[in-house]
Amino acid sequence: ELNMTNTHFVNETGLDADNHYSSLNDVAIMFRYALNNEELKTIFLSSSYTTSNQTKTFVSTTNRFIAKNHIQMDYLLGGKTGTTDAAGLCLASIAYENGTNYMLITANAPLSYQTPYHVLDAKTIYDYFIESYESKTIVSKEDVIAHIKTKFAIPDELTFKAEKDIMKYVSKDFQKEDITYEYEGIDEVSVNTEPNTHLGVVKIIYQDELIDQIDVTLKEPLQLDIKEICDTYKVEIGITIFLIILLVLIVIIRRNKKRKRNQKK
């Protein structure tokens, strides 16, 4: 049901057994799903638990390793260690730093009773991402993302802005100037285009990678531009006016002739 396609369990303990296997990606899928259980999450985030009769306190093995080896990981929220001969030292953990939530699965660290290599692996990876990446606003609400021309309408070009801030987890050397917008959709709208018509999408590209896209919709009805119509069809309008005048003159002449004939009678 969770689409853990590289997993097959033959026991509930996780101990090594024939045809019992998983992958770090699948464990991450299971871990993320498990954290939706609020009771499990509360237990996972607890550094210790004291029994109701106050006689026994259980301490998180992850926290014990961190304290014993003086490892600086203040950003760590919780972790679950695991060990088998085949999998080595393993750790599933979550962390929070600078507005960003992290989830990490590590495995296959060297077996040791002295050094918590699985915790040190996690620290190395967390520190790298915390130092190198951060959540940034890559598109601000008022950023112009597209221009679409109009036909026989005022204004002659529509300007579309992002309707919300878009934040992404990017490298700290991210430069907003490197963002490009690629519009795909209707190239021209007219006064006949109904409000709320979906015109297209704007793709947000960073370093040749599509990182998001925004729908473009016509919000308000357009105003008819009489001047543009006249400028565009001035020859046709001129001919039409000439023909109307000519037709009126013909009618007047015929009426005059008819009136003169009637007077002679």
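Predicted model: local features only at pLDDT ≥ 70, side-chain atom pairs only at ≥ 80, totals over all residues.

Reader: Does Asp-143 count as buried or exposed?

Author: A residue is called buried when its relative accessible area is under 20%. Asp-143 has 18% relative accessibility, and therefore counts as buried.

Reader: Which backbone atom lies 2.8 Å from a polar atom of the Asp-143 side chain?

Author: That atom is the backbone nitrogen of Ser-140.

Reader: Which residues is Asp-143 in contact with, once its neighbours within four places in sequence are left aside?

Author: They are Phe-160, Lys-161, Ala-162, Lys-176 and Tyr-181. Phe-160 leads us onward, for it is one of the residues with the most contacts inside the largest nonpolar core.

Reader: How many residues has the largest nonpolar core?

Author: This core has 23 residues, and Ile-138, Ile-145, Leu-199 and Ile-204 are also among those with the most contacts inside it. At least two residues each come from β6, β7, β9 (157-161), β10 (166-171), β13 (198-206) and β14 (209-217). The largest share, four residues, is supplied by β13.

Reader: What other core lies apart from this one?

Author: Another core, of 13 residues, lies apart from it; Ile-66, Met-73, Ala-95 and Leu-104 are among its members.

Technical notes: Residues numbered from 1 in each chain as written. Heavy atoms only, no water. Buried < 20%, exposed > 50% of the residue type's maximum accessible area, 1.4 Å probe, protein only. Polar contact = N/O pair within 3.5 Å; in protein donor to acceptor, adjacent residues only side chain to side chain. Contact = heavy atoms within 4.5 Å. Core = buried A, V, L, I, M, F, W, Y, C linked by side-chain atoms within 4.5 Å.
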